[in-house]
Amino acid sequence: MSQTPHRTPQIAAPADEQDLPDGARHVARLLAGMGHDQSIVLLPATGKTSAEAAAGLGCEVAQIAKSIIFRRAADDTPVLVIASGVNRVDEKKVAAQVGALARADAKFVKEKTGYSIGGVSPIGHVVSPVTLIDEDLLKLASLWAAAGHPHAVFNLTPKQLVAMTGAPVVDVALRD
């Protein structure tokens with residue numbers, strides 16, 4: 001993957017935290033508490049898919065740090081995989097790390113994370129998930145992650161993502 005420099009999106013960040021949807025406001029407060037200096041950006045169109053988010057931000061799809069929730073079959077623990085937007089997640093690789101997986105439907109995602117699908121942030125979940133970070137994200141200089149709402153994202157570095165989540169960096173990508 002290429003090292004694409006951060007390009008400033010053609011979107012103005014909200015001037016005030018009160019302008020953010022509830023989920024994004026929650027993430028903004030968490031980020032501020034962590035000393036993160038990047039504002040949450042609201043996309044004019046949905047960022048539910050990596051391609052949509054990248055188009056709205058003017059970045060490569062690989063720079064989208066998508067949050068995918070699985071359910072660990074043994075105990076219904078949420079499993080969060082933060083993957084590069086260009087990668088499909090290999091469920092067998094994830095299961096080898098955390099145990100057998102089961103489907104996580106929209107209700108499960110909302111109950112366990114507090115966020116709707118398409119807006120799942122890597123931080124601030126209702127139930128702390130078992131988290132894995134895609135090793136391919138560490139090849140990039142700049143990432144964009146969901147900020148608690150399908151239209152909200154925030155910029156960070158791979159190093160910041162690892163520090164915020166405390167998650168191991170592993171190979172989770174489906175390879176041909």
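Leaving aside neighbours within four places in sequence, which residues is Val98 in contact with? The first legend takes this up; every view here comes from a predicted model.

**View 1. Val98 and the residues it touches.** Val98 sits in helix 3, which covers residues 91-98. Once neighbours within four places in sequence are set aside, the contacts of Val98 are Arg72, Val79, Val130 and Leu132. Val98 comes out as buried because its relative accessibility is 11%, and the cut-off for buried is under 20%.

**View 2. The largest pocket and its lining.** Here you're looking at a space of about 400 Å³. The lining is made up of 25 residues, and those that lie nearest the centre of the pocket are Lys48, Lys66, Ser67, Ile68 and Gly118. Strand 2 gives the most to this lining, with 7 residues. Four elements supply at least two lining residues each: helix 2 (50-57), strand 2 (64-72), strand 6 (143-146) and strand 7 (152-156). Sorted by class, the lining of the largest pocket holds 16 nonpolar residues, 6 polar ones and 3 charged ones.

View 3. Gln63 is in the loop that runs between helix 2 and strand 2. With a relative accessibility of 2%, Gln63 is buried.

**View 4. His36 and its contacts.** His36 counts as buried because its relative accessibility is 12%. The side chain of His36 reaches the backbone oxygen of Asn155 at 2.8 Å. Asn155 also turns up in the contact list for His36, along with Leu31, Phe154, Leu156, Gln160 and Met164, again leaving aside neighbours within four places in sequence.

**View 5. Asp76 and its positive phi.** Most residues other than glycine have a negative phi. Asp76 isn't a glycine, yet its phi is positive, at about 60 degrees. You'll find Asp76 in the loop between strand 2 and strand 3 (78-84). Is Asp76 buried or partly exposed? Asp76 counts as partly exposed because its relative accessibility is 36%.

**View 6. Pro129 and its contacts.** Pro129 has its place in the loop between helix 4 (106-113) and strand 5 (130-134). If you skip residues up to four places away in sequence, Pro129 touches Pro78 and Leu80. Arg71 is 58 residues from Pro129 in sequence, but the C-alpha to C-alpha distance is 9.4 Å.

**View 7. Confidence along the chain, and residues 1-10.** Averaged over the chain, the pLDDT is 90, and 91% of the residues score at least 70. Over residues 1-10, though, the pLDDT is below 50. In the model, that stretch still has 26 contacts beyond near neighbours in sequence.

Notes
Residues numbered from 1 in each chain as written. Predicted model: local features only at pLDDT ≥ 70, side-chain atom pairs only at ≥ 80, totals over all residues. Heavy atoms only, no water. 1 Å grid on protein atoms, 1.4 Å probe; cavity = no way out; pocket = protein on both sides within 12 Å on 5 of 7 lines; lining within 4 Å. Points joined across faces, edges and corners; volume = space filled by probe spheres on them. Nonpolar A, V, L, I, M, F, W, Y, C, P; charged D, E, K, R; others polar. pLDDT = per-residue confidence, 0-100. Contact = heavy atoms within 4.5 Å. Buried < 20%, exposed > 50% of the residue type's maximum accessible area, 1.4 Å probe, protein only. Polar contact = N/O pair within 3.5 Å; in protein donor to acceptor, adjacent residues only side chain to side chain.
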